[in-house]
Amino acid sequence: MGAFNFLLLVFVFGSQVIGGLNTKLPPPSYGNTISILSIDGGGMKGIIPTTILYNLEKALQIVSKDEKAALADYFDVIAGTSTGGLVTGMLSTPHPDDPSRPAFTPLEIFNFYIKYGPSIFNQSSASGWNENSTRPKYDGEFLHSKTREILGEFRLHDTLTNVVIPTYDIKKVHPIIFSSFKVKEVPSIDIKLSEIILGTSAAPIQLPPIYFKDGPNEFNLVDGGVVAASPAFVAVSEVIQQLEEKNVDFIPMKANEPTKIVLLSLGCGSTKVEGVDARIAQFFPSTIWAKLLFLGLAGSAGDMNQYYLSSIFPDSSDNYYLRIEEYNLDPSILSDDAGEENLEKLVNVGENLLEQIVKKVNTTSFVPYEEPNEGTNAEALKRLAEILYTEKQLRLKMKSMEKRGRPFIEAITSPMK
């Protein structure tokens, strides 16, 4: 090898190491693991997963020795519903001053909740509201203006990584899944991120539905939680579709090596709901049944999400699934309370979750149980950070070795033409 080629080799592999800093994640075809982050809905309870994300980002910064490492640099997909959709948008939208970096860090999102929560859930706008009112509890005006301000003109195709955000169109009477994977196939969904986020956050009863037009296309959106309070299974389904459709970005370079899926799913806390004796329920009026069905559907949707995911992430699988959720949330903690006491409780829940033993859900009894061998959630997040970092380094290495279909070493040692 000549002196020039040796220097070139040193330069390229040196830049490979440096390239790990603030470098866009190459597509899964260069690696063997697809990474997904999913964030549930829950209004102000979004503080809980944001606390977890802050911890994970810190772990990534430590393992990568890069203090600016961001979650969008390591996840192939970020999915979010309702408040989780807001977090997704803030993590994946380009920064207006540096489009290669995300607009917000988890810490900045946490501060967003603390600073603006009282204005979003303005108690003065809720004054006089009751269950018989013909208007939503909150007018949504501050949320609308602030979301449009911070997300600007960016559209779905602009995100730093793939995103999946469920909503429900009450005029078309079916879900609309805003997925980066579908933009080319369905260009009508390539709308402003701010409108997508406002749509998935428009919780019925609490906030008004979102109406807008984008060109000839009309949207009438409400909270994605109507169809997917936890978007984890939706995100996994989107990835599986890409694998089945032979998306070139998802076809491994090593054809004989199976593709693994890593999923981190973050909840906003679930409160235990007391059941009802059927012998008593037979005398309930329809108004009581409506409330029971609403509460029951909200809880059962999460259970079914766990049930479906168990077939993709069985214990014997090489895939990895980590669910972090508070299964016994204090019922006094409310999703639309931005008061100091409620905020303090939410912060404590997030911090305490990190020290809890990893839990899984028995998909027969739907009762959560501890997995002592997994350690605490904080320890599991550190292991996840290692997995994500190792995968990114593999992809960067494989990508650097690829040059016009020739092995990398062959490419740099061949005579210059």
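Axes here are lines fitted to C-alpha atoms, for helices over the stretch in contact, with angles running from 0 to 180 degrees between N-to-C directions. Helices are DSSP runs (H or I, at least four residues), numbered from the N terminus. The model is predicted, so to speak of local features we need pLDDT of at least 70, side-chain atom pairs count only at pLDDT 80 or more, and totals for chains, interfaces and linings use all residues. Residues are numbered from 1 along each chain as its sequence is written, and side-chain values use heavy atoms, with hydrogens and water left out.

**Exercise 1. Work out how H3 packs on H4.**

Step one: find the axes. Helix H3 (residues 83-92) and helix H4 (residues 106-120) have axes that come within 10 Å and cross at roughly 135°.

Step two: name the arrangement. Angles under 35 degrees count as roughly parallel, over 145 as roughly antiparallel, 65 to 115 as roughly perpendicular and the rest as oblique. H3 and H4 are therefore oblique to each other.

Step three: list who touches whom, with contact meaning heavy atoms within 4.5 Å. From H3, Thr83, Leu86, Val87, Met90 and Leu91 meet Pro106, Ile109, Phe112 and Tyr113 of H4. Sorted by class, that contact has 8 nonpolar residues, 1 polar and no charged. (Ala, Val, Leu, Ile, Met, Phe, Trp, Tyr, Cys and Pro count as nonpolar, Asp, Glu, Lys and Arg as charged, and the others, Gly among them, as polar.)

**Exercise 2. Now do H2 against H4.**

Step one: the axes of helix H2 (residues 47-64) and H4 come within 8 Å and cross at roughly 160°. That makes H2 roughly antiparallel to H4.

Step two: pick out the residues. H2 brings Ile47, Thr50, Thr51, Leu53, Tyr54 and Glu57, while H4 brings Pro106, Leu107, Ile109, Phe110, Tyr113 and Ile114.

Step three: the class tally for H2 with H4 is 9 nonpolar, 2 polar and 1 charged.

**Exercise 3. Which residues join H4 to H5?**

Step one: the axes of H4 and helix H5 (residues 141-151) come within 9 Å, crossing at roughly 145°.

Step two: Phe112, Tyr116, Ser119 and Ile120 in H4 meet Phe142, Leu143, Lys146 and Ile150 in H5. By class, you get 6 nonpolar, 1 polar and 1 charged.

Note on methods. Helices (H or I, at least four residues) and strands (E, at least two) are DSSP runs, numbered from the N terminus.
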